[in-house]
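This report is meant for someone meeting the structure for the first time.

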Amino acid sequence: MKFFIDSADISEIKEAQALGILDGVTTNPSLVAKSGQPFDEVAKSICSVVQGPVNLEVISTNWEEMVAEARGLRKYGGNVVVKVPMTADGLKAVKQLHEQHIPTNVTLIFQPIQALLAAKAGATYVSPFVGRLDDISQDGMELARDIITIYRHYDVKTNVLVASVRNPVHILEAAKMGADVVTVPLKVIQQLMKHPLTEAGLKTFLDDWKKVKV
Ligand code: E4P
């Protein structure tokens, strides 16, 4: 399973990179706004340090404008994946971009058939937003599981990218069901490596080391 960081903050991206676990980055307009930096600077700085896929989102709502915007986003790097919302215009844009060999990530997926439509249009990735479903008392991981089941039935090659991750259990579940990618905020990445028995065990080793005769 690939790990992307869900962030437009270059210091967070570098921190995840230093851990040796980073395969790519997802951003969205809200994350770019949170960074406080102009979009052009954000996109340039991420693309200058990340070799893997960098997901940058269009803000147009009409398919012709999305396609034009996508071409502009690809100027930041050959590794840019164009995020397109799950709308009728989004699907038309994905079809066009697929024909032009431009990779896409269909975002804001909340039901499995949306993911099937995105795959048929030629999406490279689909992003089910699991946390936002949990937030409204629906089982977000069930959405991811259903998409994976449907894709397996029809040997669909589109990658399932589990998004809107809120906690380590989402990531464990994603790995168990065979998701292709998870995109994770730095705060949750940092939770993944911790276990109270690891911390207690290390403390004991270091305390005992003080008793070793030198
Ligand atoms: C995915 O690409 C999105 O940027 C992201 O996962 C949305 O997460 P949120 O629901 O925490 O905003």
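Two residues are said to be in contact when heavy atoms of theirs lie within 4.5 Å. With that in mind, and remembering that the model is predicted, one can begin with Lys 83, which is found in strand β4, made up of residues 80-85. Leaving aside its neighbours within four places in sequence, Lys 83 is in contact with Thr 27, Asn 28, Asn 55, Leu 56, Glu 57, Val 58, Asn 105 and Thr 107. Why does Lys 83 count as buried? Its relative accessibility is 4%, and the term buried applies to values under 20%.

**Around the ligand**

| Residue | Distance from an N or O atom of its side chain to a ligand oxygen |
|---|---|
| Asp 6 | 2.7 Å |
| Asn 28 | 2.7 Å |
| Arg 166 | 2.7 Å |

Taken alone, the ligand exposes 340 Å², and the protein buries 85% of that area.

**Charged pairs**

Side chains of opposite charge can pair when their charged atoms come close. In this model the count comes to 10 salt bridges. One of them joins the side chains of Arg 145 and Glu 173, with a distance of 3.8 Å from N to O. This pair links distant parts of the chain, since Arg 145 lies in helix α8 (residues 140-153) and Glu 173 in helix α9 (residues 168-177), 28 residues apart. Arg 145 counts as partly exposed because its relative accessibility is 34%, and Glu 173 counts as partly exposed because its value is 23%. The pair is also part of a network of salt bridges in which Arg 145, Glu 173 and Lys 176 are linked.

Another salt bridge is formed by the side chains of Lys 157 and Asp 155, at 2.9 Å from N to O, and both Lys 157 and Asp 155 are exposed. The side chains of Lys 211 and Asp 208 likewise meet in a salt bridge, at 2.9 Å from N to O. Are Lys 211 and Asp 208 exposed or partly exposed? Lys 211 counts as exposed because its relative accessibility is 64%, whereas Asp 208, at 33%, counts as partly exposed.

**A nonpolar patch on the surface**

Not every feature of the surface is charged, as Leu 19, Ile 21 and Met 193 form a nonpolar patch there, with about 240 Å² of accessible area together. Leu 19 is placed in the loop between α1 (10-18) and β2 (24-26), and it is partly exposed, with a relative accessible area of 35%.

**Two further residues**

Ser 35 lies in helix α2, which covers residues 29-35. A polar atom of the side chain of Ser 35 lies 2.6 Å from the backbone oxygen of Val 32, and, not counting residues up to four places away in sequence, Ser 35 touches Ala 8 and Val 42.

Val 181 is found in strand β8 (residues 181-184) and counts as buried because its relative accessibility is 2%. Not counting residues up to four places away in sequence, Val 181 touches Met 1, Lys 2, Phe 4, Tyr 125, Val 160, Leu 161 and Val 162. Val 181 and Thr 198, by comparison, are 17 residues apart in sequence and 26 Å apart in space, from C-alpha to C-alpha.

**The chain as a whole**

The chain has 11 helices and 8 strands, and its C-alpha trace spans about 75 × 40 × 30 Å along its principal axes. Of the 214 residues of the chain, 45% count as buried. Among the contacts in the chain with a separation of 6 or more, 56% are between residues 24 or more positions apart. The accessible surface of the chain comes to about 11,400 Å², and 56% of it belongs to carbon and sulfur atoms.

Key:
Residues numbered from 1 in each chain as written. Predicted model: local features only at pLDDT ≥ 70, side-chain atom pairs only at ≥ 80, totals over all residues. Heavy atoms only, no water. Helix = DSSP H or I, 4+ residues; strand = E, 2+ residues; numbered from the N terminus. Buried < 20%, exposed > 50% of the residue type's maximum accessible area, 1.4 Å probe, protein only. Salt bridge = Lys/Arg side-chain N within 4 Å of Asp/Glu carboxyl O. Patch = residues over 30% accessible without salt bridge, like charges linked within 9 Å, V, L, I, M, F, W, Y side chains within 5 Å. Areas by Shrake-Rupley, 256 points an atom, 1.4 Å probe, with all protein chains shown as cover. Polar contact = N/O pair within 3.5 Å; in protein donor to acceptor, adjacent residues only side chain to side chain.
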